[in-house]
Amino acid sequence: MDAFYASCELLRYPQLKGLPVVIGGGRRKEDDLLGKLQAAYPDGEWTEETFAERLDRIPVDFFPRIEGYTGRGVITTATYAARQFGIGSAMGLMKAAKLCPQAILLPVDFDRYRHYSRTFKSIILDIAPVMQDRGVDEVYIDFTDVPGGQREGGRVLARLIQKSIFDATGLTCSVGVAPNKLIAKMASEFNKPNGISIVHEADLQTLIWPLACRKINGVGPKADEKFKGFGIHTIGDLAAREQHWLIENFGKSYGAWLHEAAWGRDDRPVETESEPVSMSRETTFERDLHTVRDRAELGAVFTRLCEQVAADLQRKGYEGKTIGIKLRYDNFQAVTRDQSLPGYTADAKQIRQIAGQCLTRVDLTRRIRLLGVRVGSLVKAGTAPAVVNQPMTAEEPGPGSQTQLLFTND
């Protein structure tokens with residue numbers, strides 16, 4: 001889907017089309033905007049009952065800009081007009097405010113995005129039922145056995161999917177058609193927004209090899225920096241290296257995969273069902289929190305994260321046996337710790353207890369910017385073999401043990 005969250009918001013606020021808009025920060029607070037409108041229109045035109053019906057009539061000047069923004073908010077997505085200023089997903093709002101101070105800031109509305117996500121996926125399934133869900137705004141589709149799926153190399157079916165989604169939702173999507181998922185993922189980015197790109201095996205050298213290595217889904221910034229140290233800048237440069245050289249420098253598994261990826265080889269099927277390996281919740285604080293002065297706030301957040309993860313597990317029918325925590329300090333250094341249980345659980349109290357033990361193994365004398373809780377090694381609830389109760393061994397306390405009382409179960 002094209003700039004999915006932002007596009008969902010533009011359906012609600014069509015007056016913002018063509019303007020730089022970023023989605024991020026906290027959740028929606030409509031009361032603030034309603035109060036501002038009521039003050040400007042004292043005749044009562046803007047009431048709580050009619051507010052939702054008049055969203056497209058809100059003057060553009062009433063929307064907040066990111067100029068002067070201070071805080072820890074992160075951009076979830078941005079319109080294409082905002083991206084022209086160098087703004088992108090996962091960028092801090094403070095940095096974005098310097099790049100494009102006139103950009104309009106809208107808070108996230110996940111309920112709305114999930115609604116449109118379910119809608120566009122159900123439309124696709126009616127046309128091409130072999131679909132792999134890749135998150136809220138992306139899917140893989142196997143055209144192979146769809147009637148007419150091979151017409152014009154898949155372009156006819158791609159156009160049908162685009163039209164069907166647009167007619168039902170008003171949203172656009174971009175489609176990449178290729179022999180495998182690896183190349184299709186890259187092709188879907190070629191002609192955004194609302195584009196169709198078809199890549200055949202014979203197009204590898206002309207269309208794929210000139211791309212930067214980061215365009216390969218699975219190549220991160222650290223690997224890319226290492227590539228550059230070897231003079232490897234494009235996928236073609238990567239393909240020119242021998243497989244044994246890649247294995248020597250990047251490891252047996254990753255090196256072999258890099259060689260296959262550079263040559264456009266990917267035999268992964270489109271999986272219509274997949275099981276999650278973990279579930280997690282995390283939050284970034286508006287200000288750095290101290291484990292002593294902000295003890296009550298940190299403890300409450302920690303408890304809430306554990307309860308949220310437990311609720312996610314129970315709602316989706318899973319249990320896990322590996323419980324972990326994630327911290328990011330005020331200098332942006334991130335640390336993680338985890339601990340495995342003898343059996344499986346989805347109980348909030350037990351998750352909190354083990355996660356608290358993990359916290360005693362990190363430095364809690366430093367200010368904390370982010371806190372997260374994760375449960376991994378998941379299985380379907382009720383399917384794990386019974387385990388004889390075993391006494392749990394205490395982990396070796398770390399430098400944070402002196403502040404472990406912050407996270408007790410009292």
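Q: Which residues of helix 5 meet helix 6, and which residues of helix 6 do they meet?

A: First, some ground rules. This is a predicted model, where local features need pLDDT of at least 70, side-chain atom pairs count only at pLDDT 80 or more, and totals for chains, interfaces and linings use all residues. Residues are numbered from 1 along each chain as its sequence is written, and side-chain values use heavy atoms, with hydrogens and water left out. Helices (H or I, at least four residues) and strands (E, at least two) are DSSP runs, numbered from the N terminus. Contact means heavy atoms within 4.5 Å. Now the case. Tyr-116, Thr-119, Phe-120, Ile-123, Ile-124 and Ile-127 of helix 5 meet Leu-157, Leu-160, Ile-161, Ser-164, Ile-165, Ala-168 and Thr-169 of helix 6. By class, this contact has 10 nonpolar, 3 polar and no charged residues. Ala, Val, Leu, Ile, Met, Phe, Trp, Tyr, Cys and Pro count as nonpolar, Asp, Glu, Lys and Arg as charged, and the others, Gly among them, as polar.

Q: At what angle do helix 5 and helix 6 pack?

A: Axes are lines fitted to C-alpha atoms, for helices over the stretch in contact; angles run from 0 to 180 degrees between N-to-C directions. Helix 5 (residues 110-127) and helix 6 (residues 155-169) pack at about 140°, with axes 10 Å apart. That makes the two helices oblique to each other. Angles under 35 degrees count as roughly parallel, over 145 as roughly antiparallel, 65 to 115 as roughly perpendicular, and the rest as oblique.

Q: How do helix 13 and helix 14 pack?

A: Helix 13 (residues 295-316) and helix 14 (residues 348-359) pack at about 130°, their axes 9 Å apart. They are therefore oblique to each other. Their contact residues divide into 8 nonpolar, 3 polar and 2 charged. Among those in helix 13 are Phe-302 and Glu-307. Those in helix 14 include Ile-351 and Arg-352.

Q: Which residues of helix 9 are buried?

A: Buried means under 20% relative accessible area, exposed over 50%, and partly exposed in between (1.4 Å probe, protein chains only). In helix 9 (residues 221-229), Ala-223, Asp-224 and Phe-227 are buried. Seen down the helix axis, they fall within an arc of 100°, so they line one face of helix 9. The arc is that of the directions from the helix axis to the C-beta atoms. The general idea: an α-helix has 3.6 residues a turn, so residues three or four places apart point the same way. On the other side of helix 9, Pro-221, Lys-222, Glu-225 and Gly-229 are exposed.

Q: What do the buried residues of helix 9 pack against?

A: They pack against helix 10 (235-239), helix 11 (243-250) and helix 12 (252-262).

Q: Which residue has a positive phi although it is not a glycine?

A: Most residues other than glycine have a negative phi, and most peptide bonds are trans. Ser-377 has a positive phi of about 55°. Ser-377 lies in the loop between strand 11 (368-376) and strand 12 (379-380). At 36% relative accessibility, Ser-377 is partly exposed. Ala-3 is another case, with a positive phi of about 40°. Ala-3 is buried, at 7% relative accessible area.

Q: Where is the cis peptide bond that involves Pro-193?

A: The bond joins Lys-192 and Pro-193, with omega about -5°. Pro-193 lies in the loop between helix 7 (181-187) and strand 7 (196-198).
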